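Subject: Handover of a structure, with notes

Dear colleague,

Please find below the structure that I am handing over to you. My notes on it follow directly after.

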Amino acid sequence: MEKKILVTGGAGYIGSHTVVELIESGYEPIIIDNFVNAEPKVIDRLQQIVGREVKLYEGDCNDEGFMRSVFSTEKNITGAIHFAAYKAVGESVEQPLKYYENNIGSLLVLLKIMKEFNARNFVFSSSCTVYGQPDNLPVTESTPKKPAESPYGNTKQICEEIIEDFVRSESSFRGIALRYFNPIGAHPSSLIGELPIGVPNNLVPFVTQTASGIREHLTIFGDDYDTPDGTCIRDYIHVVDLAKAHVKALDYIEGSNKDKQFELFNVGTGKGNTVLEVVKTFEHVSGESLNYKIGDRRSGDVEKVYANVDRSNQLLNWKAELDLERSLIDAWNWQKSLVENAK
Ligand code: WQD
């Protein structure tokens, strides 16, 4: 029987890469996207990569009637991967209600409809932001969550708690929260990748836009941290490795006979790199000299965070295979393809 999986936000950065891996692993993804944070052309690109049609329903996960109509049209949806959420940390501070309404509201609707239609396997897109600045590194899933530094981070913490409470109340529902570290890079075909709207908040798209002349220079937010070169440390994971972790998470719960199952998994490489190491590695793989300046620290940044990935490696039978160099090569190729296509 087809393993039909709803993929909310499936036209987005991580969602689109996951749709590719789902199809390549024999799943039948059904994309839901309202294109607030994604472009419709991504669907055509996905179809080019997988060589077949990809099913899409355009609409909002917050819309209960729309979601019910999708589940009743698509018989036998067995599970869902929930990517759809707003994710700009800074914007969440300026517009908290928009974030609580969308990120939490859409989860509540989805869980309610999944229950109604007996879809039992659920993978949630969470974030290492729930850890704040961990006291010990590498950070494990049992590390207590810290008070969120932003409404965005708070929605991730609240959503994890909602799923856990829901799973406890439903005898055969199984939920997994994947705590992403820093997703970077793009599909090696350069047909899909990160499409930041406006000025990028995140490091790697800012680096590639600077190298392609779209940004005048990169500002490194602080070099006075307690790290080898003074710049912050993060765990940068290739988006294709991250996408594969979602397939492994589904395999894990599809094959589970546990009841009331809710589990957390860190999804990172287990290795930390400083901002300057990312910049120098980018220069090495691209052959470009990057124009950067050292600026003030960015409020809300943690000094260093990287993952202990033992649980993911052992229980999900998943391990990141692509290194920082590969991620930055793919990010740079994607950026060049964007510039080429914009001509
Ligand atoms: C990485 C490092 C910056 C830009 C955030 C969210 C997280 C997830 C990923 C959604 C930091 C430095 C950055 C720049 C810089 N988002 N930097 N100059 O902050 O670790 O994580 O994005 O799921 O939830 O919190 O990622 O890429 O913004 O920053 O020096 O122009 O790069 O200070 O040390 P971050 P980032």
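I begin with strand β2, where Tyr27, Pro29, Ile31 and Asp33 point one way, Glu28, Ile30 and Ile32 point the other way, and all are buried. Please bear in mind that this is a predicted model. The strand covers residues 27-33, and seven of its seven residues are buried. In a regular strand, side chains alternate between the two faces of the sheet.

The pairing of β2 is as follows. Strand β1 (residues 3-8) runs parallel to β2 and is joined to it by six bridges; within this pairing, Ile5 stands opposite Pro29. Strand β3 (residues 55-58) also runs parallel to β2, joined by four bridges. Here Ile30 has Lys55 as its bridge partner.

Lys55 deserves a separate remark. This residue lies in strand β3 and, with a relative accessibility of 35%, counts as partly exposed. Leaving aside neighbours within four places in sequence, Lys55 is in contact with Pro29, Ile30, Ile31 and Glu74. Although Lys55 and Pro29 are 26 residues apart along the chain, their C-alpha atoms are separated by 7.2 Å.

Strand β5 (residues 121-127) is likewise mostly covered, with seven of its seven residues buried. On one side are Asn121, Val123, Ser125 and Ser127, on the other Phe122, Phe124 and Ser126, and both faces are covered. Strand β4 (residues 77-82) pairs with β5 in the parallel sense over four bridges, and Gly79 stands opposite Asn121 there. Between β5 and β6 there are seven bridges, again in the parallel sense, with Phe124 opposite Ala177 of β6. The strands β5 and β6 form a right-handed β-α-β unit together with helix α6 (residues 151-169).

Not counting residues up to four places away in sequence, Leu178 touches Val123, Phe124, Ser125, Ser126, Ser127, Ala245, His246, Ala249, Phe265, Val267 and Leu316.

Helix α8 has 16 residues and reaches 23 Å from its first C-alpha to its last, close to the 22 Å expected at 1.5 Å a residue. Twelve of its 16 residues are buried. Among them are Val239, Leu242, His246, Leu250 and Ile253.

Helix α7 (residues 203-211) is also mostly covered, as nine of its nine residues are buried. They are Leu203, Val204, Pro205, Phe206, Val207, Thr208, Gln209, Thr210 and Ala211. These residues pack against β7 (182-184), β8 (218-221), β10 (236-238), α9 (275-286) and α11 (324-342). Just after α7, Gly213 takes a positive phi of about 85 degrees.

Finally, some notes on the cysteines. The structure holds zero disulfides. For Cys128, the nearest cysteine sulfur is that of Cys232, 12 Å away, and Cys128 is in no disulfide. Cys159 is in no disulfide either, with the sulfur of Cys61 as its nearest, 12 Å away.

With kind regards

Technical notes
Residues numbered from 1 in each chain as written. Predicted model: local features only at pLDDT ≥ 70, side-chain atom pairs only at ≥ 80, totals over all residues. Heavy atoms only, no water. Disulfide = S-S within 2.5 Å. Buried < 20%, exposed > 50% of the residue type's maximum accessible area, 1.4 Å probe, protein only. Helix = DSSP H or I, 4+ residues; strand = E, 2+ residues; numbered from the N terminus. Pairing = 2+ DSSP bridges. Contact = heavy atoms within 4.5 Å. Expected span 1.5 Å × (residues − 1). Right-handed = clockwise from strand over helix to strand, strands pointing away.
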